[in-house]
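Here is a friendly walk through one protein model, from its overall build down to a handful of residues. Keep the viewer open as you read.

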Amino acid sequence: MRTITQIYIDGAFVSPHGEETADLFNPSTEEKIGTVRLGDRQDARAAIAAAKRAFPAFSKTSKAERIDMLKRLSAAVSARTEELTAAMAEEYGAPHYFTGFSVLHAASAFLNMAETLEGYDFTRQIGRAEVTMQPLGVVAAITPWNSNYGFICGKLATAIAAGSTIVIKPSEMSAIQTQLLTECLHAAGLPKGVFNIVNGRGDVVGAEFSVHPDIAKVTFTGSTAVGRQILKAGAETLKRVTLELGGKGPNIILADADLGQAIPTVLMMGLGNSGQACVAGTRILAPASRLTEILAGLKAGIEAVKTGDPKDPQVRVGPMVSQKQFDRVQSYIRLGREEGAEILAGGEGRPDGLERGWFIRPTIFTSVTNEMRIAREEIFGPVLVVIPYKDEEDAIRIANDTSYGLQAYVHSSDLDHSRKIADRLESGRVVINGAPHEPLAPFGGFKQSGIGREYGRFGLEAMLEPRAVLV
Ligand code: NAD
């Protein structure tokens with residue numbers, strides 16, 4: 001049993017003023033594995049004050065000094081890879097293949113930002129104006145539970161590269177992972193107050209960060225509903241915001257796709273991170289002319305997906321993070337039936353042989369129209385829908401007929417053909433034939449998937465403010 005009693009403010013682990021506690025669970029067994037003591041508004045304000053005190057000196061540090069800090073942070077995270085991986089499997093239930101990627105991704109976020117910073121010029125001449133890119137001030141980061149290390153490290157790396165100080169509120173459901181990660185970050189020996197991490201509830205610590213006048217910017221990853229609240233709360237003090245929100249990605253199989261390659265990729269893009277992924281390609285768009293063979297391939301493919309113990313290297317789908325998330329996904333499977341969709345594979349209840357744990361049967365619905373709620377709302381679990389299309393105009397229309405626009409997928413044996421389709425998709429990213437992640441390219445959403453971009457130069461500039469001096 002783990003008891004987490006401290007938060008991290010001004011370079012030290014301290015007891016919070018808040019006294020509320022929250023229970024922590026192992027989603028694979030449903031057992032309680034710990035408790036975390038949560039910070040309150042007073043703790044949030046103490047963290048902001050520490051970051052504010054640290055800002056004047058930190059904002060004057062040189063590029064070389066900040067690159068050195070980023071490298072130290074990366075090394076400090078890498079040094080405890082095994083423990084970080086184990087904590088993510090235990091507290092979040094992420095399968096082995098995903099924890100391996102996640103810790104590496106988190107550690108490399110600092111190196112990617114160091115590379116961006118290396119090539120970035122903070123000053124430029126525009127006509128008579130000397131333009132310098134200035135750090136914003138104190139930034140607040142609010143992050144979800146589905147990739148705790150990656151979101152904390154990505155946002156922290158960007159703030160440091162920009163010369164801003166930061167206060168971070170991770171998900172209260174990720175406290176064991178956060179504790180370990182904070183120990184790593186502390187070991188990198190940054191000046192005190194540059195980063196501060198406060199466990200706490202969203203409607204308490206997150207809400208305080210969203211209204212406090214000393215916060216210049218909120219960078220948030222989470223649901224569209226909470227993103228909207230943060231935008232409203234920040235309006236009073238005109239905070240800058242980056243919002244990375246939900247998605248309902250179209251996963252388009254073009255008629256010329258090689259199904260032997262496309263079907264496994266379609267499933268991987270739909271079920272990644274056990275379906276608890278904003279970027280998941282959950283709407284499979286299939287040409288009506290090849291529907292029968294596509295459905296047969298999808299059924300065989302998803303029935304071969306192993307669900308279960310995250311430590312088993314064969315497992316591709318782990319449990320949902322919480323009872324609440326399990327219930328929510330189950331309710332969407334029920335809703336799909338009520339809406340008239342048919343189950344091709346999976347369905348309600350737990351997979352065979354798994355009586356404990358918040359496991360879901362990987363599920364595919366057919367006879368789905370894009371008007372159904374299961375096709376429009378983010379389910380955030382291993383539940384996919386197949387929507388047939390008549391021709392490519394129809395595919396593009398259906399793909400774009402959504403309030404989201406985060407990440408789309410195109411599968412085809414012709415790259416030029418895929419690019420032409422990609423060009424017409426209202427989506428922050430389009431992935432062709434399951435191409436790997438590009439960490440220096442911008443990431444973020446069109447429409448209600450968010451505001452702004454993260455990663456690389458675009459991400460760095462989202463934490464800077466230009467000042468033009470006219471001579
Ligand atoms: P959530 O929006 O419920 O919570 C995210 C964070 O916001 C948590 O730390 C939470 O405590 C905090 N929060 C809650 N209420 C708040 C409030 N009123 N004010 C300030 N902060 C508040 O999301 P979640 O359930 O933790 O994560 C799942 C959601 O995140 C999904 O919708 C998913 O699509 C989205 N997500 C988006 C991306 C992306 O990059 N676009 C990545 C991962 C997850």
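## Ground rules

A residue is called buried under 20% relative accessible area, exposed over 50%, and partly exposed in between, using a 1.4 Å probe and protein chains only. By that scale Y455 is partly exposed, because its relative accessible area is 22%.

This is a predicted model, in which local features need pLDDT of at least 70 and side-chain atom pairs count only at pLDDT 80 or more, while totals for chains, interfaces and linings use all residues. Residues are numbered from 1 along each chain as its sequence is written, and side-chain values use heavy atoms, with hydrogens and water left out.

## The chain as a whole

The protein chain has 15 helices and 21 strands; these are DSSP runs numbered from the N terminus, with helices being H or I of at least four residues and strands being E of at least two. Along the principal axes, its C-alpha atoms fill a box of roughly 65 × 60 × 40 Å. The radius of gyration is 22 Å, which agrees with the value near 23 Å that a compact globule of 471 residues would have. That radius is taken over C-alpha atoms, and the globule rule is 2.2 Å times the number of residues to the power 0.38.

Of the 471 residues, 58% count as buried. Contact here means heavy atoms within 4.5 Å. Among contacts with a separation of 6 or more, 73% come from residues 24 or more positions apart.

## Surface and charge

The protein chain exposes about 18900 Å², and carbon and sulfur atoms supply 54% of that area. The areas come from the Shrake-Rupley method with a 1.4 Å probe; for residues, only the protein chains shown count as cover.

There are 50 positive and 54 negative charges, and their mean positions are 5 Å apart. Lys and Arg count as positive and Asp and Glu as negative, with His and the chain ends not counted. Each charge is placed at NZ of Lys, CZ of Arg, CG of Asp or CD of Glu.

## Aromatic pairs

A pair of aromatic rings is described by the distance of the centres and the angle of the planes. Rings of Phe, Tyr and Trp (its six-membered ring) pair if their centres lie within 6.5 Å; planes under 30 degrees apart count as stacked, over 60 as edge-to-face and the rest as tilted. A search of the whole structure finds 9 aromatic pairs. One of them joins Y8 and F13, an edge-to-face pair because the ring centres are 5.1 Å apart and the planes stand at 65 degrees.

Y8 is buried, with a relative accessible area of 4%, whereas F13 is partly exposed at 24%. Together with F195, Y8 and F13 form one aromatic cluster.

## Helices α2, α3 and α5

Which residues of helix α3 are buried? In this helix, spanning residues 81-91, they are L84, T85, A87, M88, A89 and E91. These buried residues pack against strands β4 (21-26) and β5 (31-37), and against helices α2, α4 (96-118), α5 (148-162) and α6 (175-187). After α3 comes G93, with a positive phi near 85 degrees.

In α2 (residues 63-78) sits A75, which is partly exposed at 47%. Helix α5 holds A159, a buried residue with a relative accessible area of 0%. Not counting residues up to four places away in sequence, A159 touches S164, I166 and M463.

## Loops worth a click

N433 lies in the loop between β19 (429-432) and β20 (450-451) and is partly exposed at 36%. Y455 is in the loop between β20 and α15 (456-461).

R350 belongs to the loop between β15 (342-347) and β16 (361-366), and its 29% relative accessibility makes R350 partly exposed. Leaving aside neighbours within four places in sequence, R350 is in contact with E30, F326, E355, R356, G357, W358, F359 and R361. The C-alpha atoms of R350 and Q177 are separated by 27 Å, and the two residues are 173 apart along the chain.
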